[in-house]
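Thanks for coming. I will go through one model today, going from strands to helices and ending with a pair of residues.

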Amino acid sequence: MKALLVEDEQRIASFVCTGLREHGFLVDHCEDGNLGYDYALARDYDVVLLDVMVPGRDGLSILKAMRREGRNMPVILLTARNELDDRLTGLNLGADDYLAKPFYVEELVARIHALLRRVSGERQNVLTLGPLRLDRLSRVAEVNGRAVELTAREINLLEYLMRSPGRVYTRTQILEHVWGYDFEPQTNMVDVCIQRLRKKLELPDSVAIEAVRGVGYRLRKPDAPA
């Protein structure tokens, strides 16, 4: 799952980013509200975490613009403010939850998971394709009921491919969405991770991870021709 954090307090940003990544999230972090605004309106996230008081556009301004532009991904406000009027303002603008500082990162993760269950429903948190099953919240992959031990990166890669089976992703797209930042175009990091994933999953041909020559990779749909 991919999160955007807009937070200018370095200490808070550091422990939130670290905690989310330890729970399998990819995190984009912005210290400035103007950059956070650009990210929130241009990129797709599973959840957006907004500090109310940031330089540039404040969190409530970003939230208001997101909802005005039809950006409906879940939003949690993070702020030192804990007055009722502040909470009501954020919720009335379209925030899904509100967490006052200081907080434990475990509580934040629990709230994100609870929010995603409410927003998308339990079924969408479990991806299935033929004998392959991935629980996005517990981060457990299974093949024919057999649990497969995968790294956080391998889980993120598998989830990315399972979201749109049959779609071909370029190596650049995979690097951006799975690793979360840019690499040299000639890196073989994607190919190495794909090979490890294939070896661990031992998928049947019906749902194999296929290389598309000169383009990238895709996860074959069960009914697609070989």
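Two strands are said to pair if DSSP finds at least two bridges between them. Helices (H or I, at least four residues) and strands (E, at least two) are DSSP runs, numbered from the N terminus. The model is a predicted one: local features need pLDDT of at least 70, side-chain atom pairs count only at pLDDT 80 or more, and totals for chains, interfaces and linings use all residues. Residues are numbered from 1 along each chain as its sequence is written, and side-chain values use heavy atoms, with hydrogens and water left out.

With that in place, look at Asp135, which stands opposite Val140 in S8. Strand S7, residues 132–135, and strand S8, residues 140–143, pair in the antiparallel sense over four bridges. They belong to an open sheet of four strands, in the order S6-S7-S8-S9, with antiparallel pairing. Its edge strands are S6 (126–129) and S9 (146–148), each of which pairs on one side only. On average, neighbouring strands of this sheet are turned by 25 degrees against each other, direction ignored. For angles, axes are lines fitted to C-alpha atoms, for helices over the stretch in contact, and angles run from 0 to 180 degrees between N-to-C directions.

Now the helices on this sheet. Helix H6, residues 152–163, lies across S6, S7 and S8 and runs at about 115 degrees to S7. Helix H8, residues 189–201, lies across S7, S8 and S9, at about 155 degrees to S9.

Next, helix on helix. Two packed helices are described by the angle between their axes and the distance between the axes. The axes of H6 and helix H7 (residues 171–179) come within 9 Å and cross at roughly 125 degrees. How do H6 and H7 lie to each other? They are oblique, because angles under 35 degrees count as roughly parallel, over 145 as roughly antiparallel, 65 to 115 as roughly perpendicular and the rest as oblique. On the H6 side, Arg153, Asn156, Leu157 and Tyr160 meet Gln173, Ile174, His177, Val178 and Trp179 in H7; contact here means heavy atoms within 4.5 Å.

H7 and H8 pack at an angle of about 75 degrees, with their axes 10 Å apart. H7 is therefore roughly perpendicular to H8. H7 contributes Arg171, Ile174, Leu175 and Trp179 to the contact, and H8 contributes Met189, Val190, Asp191 and Cys193.

Turning to the parallel strands, S1 (residues 2–6) is joined to S3 by four bridges, and the two run parallel. Leu4 stands opposite Val48 in S3. S3 also pairs with strand S4 (residues 75–79), again in the parallel sense and over four bridges, and here Val48 stands opposite Val75. Strand S3, residues 47–51, is mostly covered, with five of its five residues buried. Buried means under 20% relative accessible area, exposed over 50%, and partly exposed in between, with a 1.4 Å probe and protein chains only. In a regular strand the side chains alternate between the two faces of the sheet. In S3, Val47, Leu49 and Asp51 are on one side and Val48 and Leu50 on the other, all buried.

Last, the pair. Arg111, in helix H5 (residues 105–120), is partly exposed at 26%. Leaving aside neighbours within four places in sequence, Arg111 is in contact with Asp97, Tyr98 and Leu99.
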